[in-house]
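The sequence and structure come first.

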Amino acid sequence: MRDRPHDHRARARGVLRRAARAWLALGVPVTTRTAVARVVGRDRVEGVEIRNLRTGRTRVVACDTVVFTGDWIPDHELARLGGLVLDPATKGPRVDAALRTSQPGIFAAGNVVHPVDTADVAALDGRHVADHVRRWLDTGAPAGPGAPIVALAPFRWVAPSLLTAGSAAPSRRRLLLWADEHRAVPRLVARQDGREVGRRSLPWPVAPGRVFRAPWSLLAAADPGGGEVTIELA
């Protein structure tokens with residue numbers, strides 16, 4: 001049974017309320033329904049002007065640091081400048097399970113491929129890609145074309161995003177996905193060319209704000225020579 005949209009909003013509000021209470025208990029002021037209108041200061045930050053979204057009133061809060069956060073993107077500057085094909089969802093270079101990019105001999109790993117994963121997981125990508133780099137140095141064989149892998153809403157992206165023939169499984173035999181909704185017991189379905197090619201029920205939840213890992217075996221029946229492979233929640 002799917003969680004309803006208002007369930008996700010209720011959970012988010014609950015998390016924010018608990019966080020606000022924790023900060024208030026420590027004596028840290030918390031301001032809600034507020035936007036930063038401008039940063040005050042010339043050579044250094046002296047404060048921020050904040051605007052109440054209900055009343056429109058503004059006031060200046062003295063500070064020496066402003067921290068911004070938001071959606072993460074990969075560290076893709078070199079890939080973009082090098083003309084690699086970028087995945088429109090991850091905004092990193094499109095790679096197959098061997099982490100091969102659109103340019104023969106160029107590989108991408110870790111947070112170059114996808115945003116916001118931990119350093120230890122990114123390091124495992126480096127270990128995984130080493131054998132593929134060595135193989136390419138020995139043979140020079142290109143990856144060849146493949147079938148795009150696309151994540152459907154509520155997923156935002158999937159990595160790797162290309163299924164190529166003869167490619168081994170990705171690092172730790174996992175597909176990485178990012179979701180905007182919560183599912184306590186997710187059921188994943190993979191489809192290609194109008195038919196279902198894989199289905200898995202997983203015991204770990206899908207949750208916003210963290211990478212979700214799905215077994216590579218979900219795509220075992222997919223054809224690298226076929227059309228686009230989609231992954232969605234049932």
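His-132 is buried, with a relative accessible area of 11%; buried means under 20% relative accessible area, exposed over 50%, and partly exposed in between (1.4 Å probe, protein chains only). This is a predicted model, in which local features need pLDDT of at least 70 and side-chain atom pairs count only at pLDDT 80 or more, while totals for chains, interfaces and linings use all residues. Residues are numbered from 1 along each chain as its sequence is written, and side-chain values use heavy atoms, with hydrogens and water left out.

His-132 sits in helix 3 (residues 119-139). Helices (H or I, at least four residues) and strands (E, at least two) are DSSP runs, numbered from the N terminus. Not counting residues up to four places away in sequence, His-132 touches Ala-98, Phe-107 and Ala-168, where contact means heavy atoms within 4.5 Å. Its side chain also makes a polar contact with the side chain of Arg-135 (3.2 Å). A polar contact is a pair of N or O atoms within 3.5 Å; within protein, one must be able to donate a hydrogen and the other to accept it, and residues adjacent in sequence count only if both atoms are side-chain atoms. Thr-139 is also found in helix 3, but counts as exposed at 54% relative accessibility.

**Overall fold**

The chain has three helices and eleven strands, in the order α-β-β-β-α-α-β-β-β-β-β-β-β-β from the N terminus on. Its C-alpha trace spans about 65 × 50 × 30 Å along the principal axes. Of its 234 residues, 35% count as buried. Among contacts between residues at least 6 apart in sequence, 52% join residues at least 24 apart.

**Strand 11**

All five residues of strand 11 (residues 229-233) are buried. Val-229, Ile-231 and Leu-233 lie on one side and Thr-230 and Glu-232 on the other, so that both faces are covered. Two strands pair if DSSP finds at least two bridges between them. Strand 4 (residues 146-151) runs parallel to strand 11 and is joined to it by three bridges; strand 8 (residues 187-192) runs antiparallel to it, with five bridges. Thr-230 is the bridge partner of Val-150 and also of Arg-191.

**Salt bridges**

A search of the whole structure finds eight salt bridges, each a side-chain nitrogen of Lys or Arg within 4 Å of a carboxyl oxygen of Asp or Glu. Among them are these:

| Pair | N to O distance |
|---|---|
| Arg-100 and Asp-96 | 2.8 Å |
| Asp-180 and Arg-156 | 2.6 Å |
| Arg-199 and Glu-196 | 3.0 Å |

Asp-180 lies in the loop between strand 7 (174-179) and strand 8, and Arg-156 in strand 5 (residues 155-159), so this pair ties together parts that are 24 residues apart in sequence. Asp-180 is partly exposed at 40% relative accessible area, as is Arg-156 at 37%. Both Arg-100 and Asp-96 are buried.

**Surface**

The chain exposes about 14100 Å², of which carbon and sulfur atoms supply 54%; accessible areas come from the Shrake-Rupley method with a 1.4 Å probe, and for residues only the protein chains shown count as cover. Leu-26, in the loop between helix 1 (5-25) and strand 1 (34-40), counts as exposed at 65% relative accessibility.
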